[in-house]
Amino acid sequence: MSQVIGVVTGGGDCPGLNAVIRSVAKAAIRRGWQAVGIIGGYEGLLAPQRTVALEGDLLSGLLVRGGTILGTANQGKFSAKVGHGESRRLPVELLDETKRGCEQLRLSGLVSIGGDGSLAIAQQLCEHGIPIVGVPKTIDNDLAATLMTFGFDSAVACATDAVDRLHSTAESHRRVMVLEVMGRYAGWIAIYAGLAGGADVILIPEIPFSYDSICAKVREREQASKHFTIVVAAEGARAAGADYVTSTNQPQNREARLGGIGAQVTEEIQRRTGKETRSVVLGHLQRGGSPTNMDRALCTIFGAKAVELIAQQRYGEMVAFTGSQISSVPISEAVGKLRTVPLDGGFVTAARSLGICLGD
Ligand code: F6P
């Protein structure tokens, strides 16, 4: 009898999910296996199981299509992340029920495509005897053990485009423009997009900032007859000694929703320098739309590698990009360890060499 492998997407969506689904399905079919998609995240594994056969026309056009055709969830029974760096053990009854679901579907392997939360669940499912492998997904790029997650490059492309657009309007109006980007507690999107877009100030969670330093940069530019300034602020950036800024509507039993630092920085710059200042929150635009070429290629390689791991019965491993090759690591090495922007790394060093203000 031919093998059946399942594919499940969990956590927040991001560009490239469908490209991974396509790659897994195609690589499985080439081996003579069947591939089924689990609908709505891990909950689709529970009775009555919700699945779709990944074959035929359904796979057409997926490489470039944003979102996930399977749906996803970052809340509900399988929400493992509760706070910054904390995760929750799933109840044994839920683990049993999930295992029964996989058996009823005759799954000989399950590919879990997710970020820190979904992969922490994958790890628990694996310890409970479910043959699972992981594919690292998140626009935040904050997973340990891989140099890049898919979705990140697409988010950076979106943020860089926003910085480019803000340049022309900032220059025309002689304004300060503040762009708030996502990334949770890591500043990867902010530093990549800030450097790629030529921002003057980049604020990342890894470097607590002072308003004096930001405003000094605005004034320095004024004196140099540069009458506009572009600030990129990660949503997790915070003033030295202050807490993270969170949106007013906080979810229960889930990670805090960050947001609002851009508006605070905007108000403070205007108050202190007298320069007209505006803010833009890029928000979920960073998670929507078609993946970049880089992400399409990465997703395709990741998906094929995940199928190879299942063929070799290397359960409990996650596909990883090490810079020179695509390899795999135990899922346990990737989860629960936030990968942040190194303060002595190339990005921070280059920013400082160019005189970009990092807020310190
Ligand atoms: O982890 C991905 C991410 O987009 C973060 O950058 C952001 O803080 C969060 O998810 C937003 O989550 P939600 O979709 O629940 O608003």
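Mentor: Arg287 is buried, with a relative accessible area of 19% (buried means under 20%, exposed over 50% and partly exposed in between, with a 1.4 Å probe and protein chains only). This is a predicted model, in which local features need pLDDT of at least 70 and side-chain atom pairs count only at pLDDT 80 or more, while totals for chains, interfaces and linings use all residues. Residues are numbered from 1 along each chain as its sequence is written, and side-chain values use heavy atoms, leaving out hydrogens and water.

Arg287 forms a salt bridge with Asp13, at 3.0 Å from N to O (a side-chain nitrogen of Lys or Arg within 4 Å of a carboxyl oxygen of Asp or Glu). The two are 274 residues apart: Asp13 is in the loop between strand E1 (4–9) and helix H1 (17–30), Arg287 in the loop between strand E11 (277–281) and helix H8 (293–311). Helices (H or I, at least four residues) and strands (E, at least two) are DSSP runs, numbered from the N terminus. Asp13 is partly exposed, at 24%.

Glu222 and Lys275 also form a salt bridge, with their closest N and O atoms 2.7 Å apart. Glu222 belongs to helix H6 (residues 211–223) and Lys275 to the loop between helix H7 (261–273) and E11, 53 residues apart. Here Lys275 is buried at 13%, whereas Glu222 is partly exposed at 25%.

Glu317 pairs with Arg314 at 3.4 Å, and Arg314 is partly exposed at 31%. Asp212, Glu268, Arg271 and Arg272 are joined in a salt-bridge network. The whole structure has 15 salt bridges.
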